[in-house]
Amino acid sequence: MKETWSAAAQVIIAIIPIVGIVMGSAVIFFYLLWYHKRRTLLIQAGQFHPPEFDYLSFSLLAGLLLTAVGITLTVFLVIVLGFGLGLLGGLIPLSCGAGLLAYYGIRHGSKNR
């Protein structure tokens, strides 16, 4: 028994993702527009203070998370696949996390001197 869909059902199935993308784009556009207007008005009023980003806390958190994910993936991939190119899926986040932790250690050590 072969199922055939009606033409109306096929059109509706084709329209749903298009409408979703258009609506999502409209929401993002208006968010960016209103954020820009708000920031412009704050600058004109002299009340704008750019947010400060704490690189040390970010590098510590991201380094710990990436190192933990990298160690877990590396161990899992060694057990499942053995040593091969698939191991890069665990070694890449491990090395990124280690680099961020090294950055945190260097910067935190230089601030305490």
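Before the first stop, a definition: rings of Phe, Tyr and Trp (its six-membered ring) count as a pair if their centres lie within 6.5 Å. With that in hand, select F29, F30 and W34, which ring pairs link into a cluster. By the way, you're looking at a predicted model.

Stay with the rings for a moment. A pair of aromatic rings is described by the distance of the centres and the angle of the planes. Searching the whole structure turns up 5 aromatic pairs. One of them joins F29 and F30, edge-to-face, at 5.2 Å centre to centre with 75 degrees between the planes.

Next, select F53 and Y55. Their ring centres are 4.9 Å apart and the planes sit at 75 degrees; planes over 60 degrees apart count as edge-to-face, so this pair is edge-to-face. F53 is exposed, and Y55 is exposed too.

Now move to helix α2, which covers residues 55–81. Pick S59, which lies in helix α2. S59 is buried: the cut-off is under 20% relative accessible area, and S59 has 2%. Which residues does S59 touch? Leaving aside residues up to four places away in sequence, show L100, Y103 and Y104.

For the last stop, go to V80, also placed in helix α2.

How values were computed: Residues are numbered from 1 along each chain as its sequence is written. This is a predicted model: local features need pLDDT of at least 70, side-chain atom pairs count only at pLDDT 80 or more; totals for chains, interfaces and linings use all residues. Side-chain values use heavy atoms; hydrogens and water are left out. Helices (H or I, at least four residues) and strands (E, at least two) are DSSP runs, numbered from the N terminus. Rings of Phe, Tyr and Trp (its six-membered ring) pair if their centres lie within 6.5 Å; planes under 30 degrees apart count as stacked, over 60 as edge-to-face and the rest as tilted. Buried means under 20% relative accessible area, exposed over 50%, partly exposed in between (1.4 Å probe, protein chains only). Contact means heavy atoms within 4.5 Å.
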